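Got the sequence and the 3D view open? Let's walk through this one together, question by question.

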Amino acid sequence: MENMIGKKSLTILAISLSLGASAQFGLSAGPALTKSFGAPKMLAGFHIGGEVSQDDASSYFARFSYFPGGLESTDYQVALIDNATNNFAFDPLTGFQLLTRMNSTKTNYTKLEGGIRYYLIDGYETGFSVYGGSKIVIGFNKVKADYTPYNEAKYRLTDGLAKSGTAFSLGFGLQGGLKYGIVGLGTVFFDLGVDFLLTGSNSNDVPYYSNYLYRVQDGTVVAYRQPTFTFSLGFRKDLFVR
């Protein structure tokens, strides 16, 4: 009886190991570019990610992408508020309204995404394959603004403006690419992702002044960040088989 139980246990263990052996885990990294549709400027950055194969035809993946500051010069006149009256500030000598200037903005973008991929032709591990799939995307932008100095003890920026602002977005996307894997070395790949915004919010009006997120003319948004395109080039190394 004990021998039978032992044999069954070994059989179950062998089956479990053989099933687990078909799944691989890989780490990837590389450069990336992203651009919002309608926005005139593009951000450059990098990505790192992980991928777990379910079999040779499909996998689950997660990716972190960071696009550091995109700096641009601006020339927007910004009204000041008098702290004492809480109304627009005016020069007591000339009677003209007091203004400051937004001289530049700096925009960065952090993106987290995860989803599923399907491989055709040679599959996940080696050889040449095309792949595609869907994903969930979380995005976070920070925009810093630089202003001509003014007396901050007496005046403040008009409502909606500050020295920095953030933009949060949640959406879904599609991704497709090509890869070539070499046994014992790793896999080179590139892919294009298209992200569609489902919901988003800004902490204030500062992000609206960034031409990396929107198309802005004279301080007015004329095109919104929908959709966003991301091109990624990378190298994946499968670390172990589980």
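Q: Is Met 102 buried or exposed?
A: Keep in mind as we go that this is a predicted model. Met 102 is found in strand S4, which covers residues 99-121. Its relative accessible area is 0%, and anything under 20% goes into the buried class. So Met 102 is buried.

Q: How far apart in space are Met 102 and Asp 75, C-alpha to C-alpha?
A: Along the sequence, 27 residues separate Met 102 and Asp 75. Asp 75 also turns up among the contacts of Met 102, and so do Thr 74, Tyr 76 and Val 78. In space, the C-alpha to C-alpha distance between Met 102 and Asp 75 is 5.9 Å.

Q: Is Ser 232 buried or exposed?
A: Look for Ser 232 in strand S11, residues 228-241. Its relative accessibility is 1%, and the cut-off for buried is under 20%. That means Ser 232 counts as buried.

Q: Which side chain makes a polar contact with the side chain of Ser 232?
A: Leaving out residues up to four places away in sequence, Ser 232 touches several residues, including Pro 31, His 47, Arg 63 and Asp 191. A polar contact needs a pair of N or O atoms within 3.5 Å. At 3.1 Å, the side chain that makes one with Ser 232 is that of Arg 63.

Q: Which elements give two or more residues to the lining of the second largest cavity?
A: Among the residues lining this cavity are Gly 49, Gly 50, Arg 63, Arg 117 and Tyr 119. Arg 63 is also the partner of Ser 232 in that side-chain polar contact. The elements giving two or more lining residues are strand S2 (43-55), strand S3 (58-82) and S4.

Q: How many charged residues are in that lining?
A: Sort the lining of the second largest cavity by class, and you get 5 nonpolar and 3 polar residues. Arg 236 and Glu 51 are both part of this lining, and Arg and Glu count as charged. The number of charged residues is 4.

Q: What pattern does the protein follow along the sequence?
A: The protein has 1 helix and 11 strands. Of its 242 residues, 42% count as buried. Read along the sequence, the pattern is α-β-β-β-β-β-β-β-β-β-β-β.

Methods:
Residues numbered from 1 in each chain as written. Predicted model: local features only at pLDDT ≥ 70, side-chain atom pairs only at ≥ 80, totals over all residues. Heavy atoms only, no water. Helix = DSSP H or I, 4+ residues; strand = E, 2+ residues; numbered from the N terminus. Buried < 20%, exposed > 50% of the residue type's maximum accessible area, 1.4 Å probe, protein only. Polar contact = N/O pair within 3.5 Å; in protein donor to acceptor, adjacent residues only side chain to side chain. Contact = heavy atoms within 4.5 Å. 1 Å grid on protein atoms, 1.4 Å probe; cavity = no way out; pocket = protein on both sides within 12 Å on 5 of 7 lines; lining within 4 Å.
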